[in-house]
Amino acid sequence: MPRKRPKSSTHPFEAIEPPRDVEVMIGVVSVTVLVVALATVSESPVWLLGLLVFLPGTASALCTVRQTKFVAAWTTLVVIVTVLVRHGEERWFDRILMMLLTLALGAASVYACRSRIHRENEMLRLRSTAAAMQRHILRPLPLLTDDVLVDGVYEPVQEDRLVGGDIYDVVVSPWGTRVLIGDVQGKGLPAVGAAFAVIGAFRATAHREPTLTALVDALDASVVRHNSYAAQTGDDERFVTALIVNVDAHEEVQVINCGHIPPQLVHDATVITPALGSGVPLGLAELAAEPATVDWLAFPPGATLLLTTDGLTETRSVDGTFYPVAERLAEHASFAPTDLPRALYDDARAFAGEGAQHDDVAVLSVRRSPHR
């Protein structure tokens, strides 16, 4: 199993902290003083007190149940006392109606607060389960083995979806460490299903098959099986572009490209795009004229191999210009390998403009392990 180095991060589904009790008290008292002061100088003081009914409603959206109960009780008390002690021209019917309305809205606010917190807790439990599943499906980066240190960025196009159509994995085998990066054709849950199929097959066979060609055959078969199941349920068939790299103690690494974006090699501040063959995507092997072949790529100590999906290369600016990966990578070549993927991802987001992400993005940096 790869060893992973911890990295600090903020969980995307952390609950929003409610305000402190003293903040709630100060806010409620301040609003009450303001409304009562306006009511004193107003020609319609009783109805102006109706502004206070917004306090429990606001508390139900932001505060705890206990704090909402306090706000509802406080508002009801202020309204009742003010209405009873004030001798104006308002009818008693209007005054009683105001008190009953305040009581009803206070009770409704407490109920709404309970319902909100219950939904939030349910959602947090569901998302915590999803996060635990993701840690087993897509292991948190960075990943460290005896051969490589793999770091990177993984961002689904939908921020509330933990897993998208882009995939990656790292498996230790008797023949070296094998790194997978892939991109499932299409989007949505069917694409995620194909992604799971490939990751499961990779983990099951990467440590068992002595050759990369046999490993690719197994991955292709997993996609074919997934498509057969998808056809039975009326889902579309999928194919998966993938790049599989095998790194061992030698200065050359083995690479098989299954219709994926070629890697970039960064060494001594120089960026090289290796000339690799490009086979067909996984799931389409039976349509290929020739079987997948292995390329050998020089990977000297100190070099970084950058693996990406088309979520980065097909990023566009407002005028439709594609993100110039090779050019920007050369500008960022001096970055540490662990910082390079995030720097490129942030640069691509700035290039496209905020909110312009239309595809999942995966960027991995592969460097020889410091243990070597």
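Visitor: Where is Pro-142 placed?

Guide: Pro-142 sits in the loop that runs between helix H5 (92-137) and strand E1 (143-144). Helices (H or I, at least four residues) and strands (E, at least two) are DSSP runs, numbered from the N terminus. The model is predicted, so local features need pLDDT of at least 70 and side-chain atom pairs count only at pLDDT 80 or more, while totals for chains, interfaces and linings use all residues. Residues are numbered from 1 along each chain as its sequence is written, and side-chain values use heavy atoms, with hydrogens and water left out.

Visitor: Why does Asp-268 count as exposed?

Guide: A residue is buried under 20% relative accessible area, exposed over 50% and partly exposed in between (1.4 Å probe, protein chains only). Asp-268 has 64% relative accessibility, which is over 50%, and therefore counts as exposed. Ala-269, at 58%, is exposed by the same rule.

Visitor: How do you know that Phe-70 and Trp-74 form an aromatic pair, and why is the pair called tilted?

Guide: A pair of aromatic rings is described by the distance of the centres and the angle of the planes. Rings of Phe, Tyr and Trp (its six-membered ring) pair if their centres lie within 6.5 Å; planes under 30 degrees apart count as stacked, over 60 as edge-to-face and the rest as tilted. The structure holds three aromatic pairs. One of them is Phe-70 with Trp-74, at 6.3 Å centre to centre and with 35° between the planes.

Visitor: Where do Phe-70 and Trp-74 lie?

Guide: Both lie in helix H4 (residues 65-85), four residues apart, about one turn of the helix. Phe-70 has 32% relative accessibility and so is partly exposed. Trp-74, with a relative accessible area of 28%, is likewise partly exposed.

Visitor: Why is H3 called roughly antiparallel to H4?

Guide: Two packed helices are described by the angle between their axes and the distance between the axes. Axes are lines fitted to C-alpha atoms, for helices over the stretch in contact, and angles run from 0 to 180 degrees between N-to-C directions. Helix H3 (residues 54-62) packs with H4 at an angle of about 180°, the axes being 9 Å apart. Angles under 35 degrees count as roughly parallel, over 145 as roughly antiparallel, 65 to 115 as roughly perpendicular and the rest as oblique. The angle is over 145 degrees, so H3 is roughly antiparallel to H4.

Visitor: Which residues make the contact of H3 with H4, and how do they divide?

Guide: Contact means heavy atoms within 4.5 Å. Leu-55, Pro-56, Ala-59 and Ser-60 contribute from H3, and Thr-68, Val-71, Ala-72 and Thr-75 from H4. Five of the residues are nonpolar, three polar and none charged. Here Ala, Val, Leu, Ile, Met, Phe, Trp, Tyr, Cys and Pro count as nonpolar, Asp, Glu, Lys and Arg as charged, and the others, Gly among them, as polar.

Visitor: Why does His-332 count as buried?

Guide: The relative accessibility of His-332 is 11%, so this residue counts as buried. His-332 is placed in the loop between helix H9 (325-331) and helix H10 (340-352). Leaving aside neighbours within four places in sequence, His-332 is in contact with Leu-340, Ala-343, Leu-344 and Asp-347.

Visitor: Is Val-216 buried or exposed, and which residues does it touch?

Guide: Val-216, in helix H7 (residues 212-232), is buried because its relative accessibility is 5%. Not counting residues up to four places away in sequence, Val-216 touches Ile-244, Ile-256, Cys-258, Leu-282 and Ala-292.
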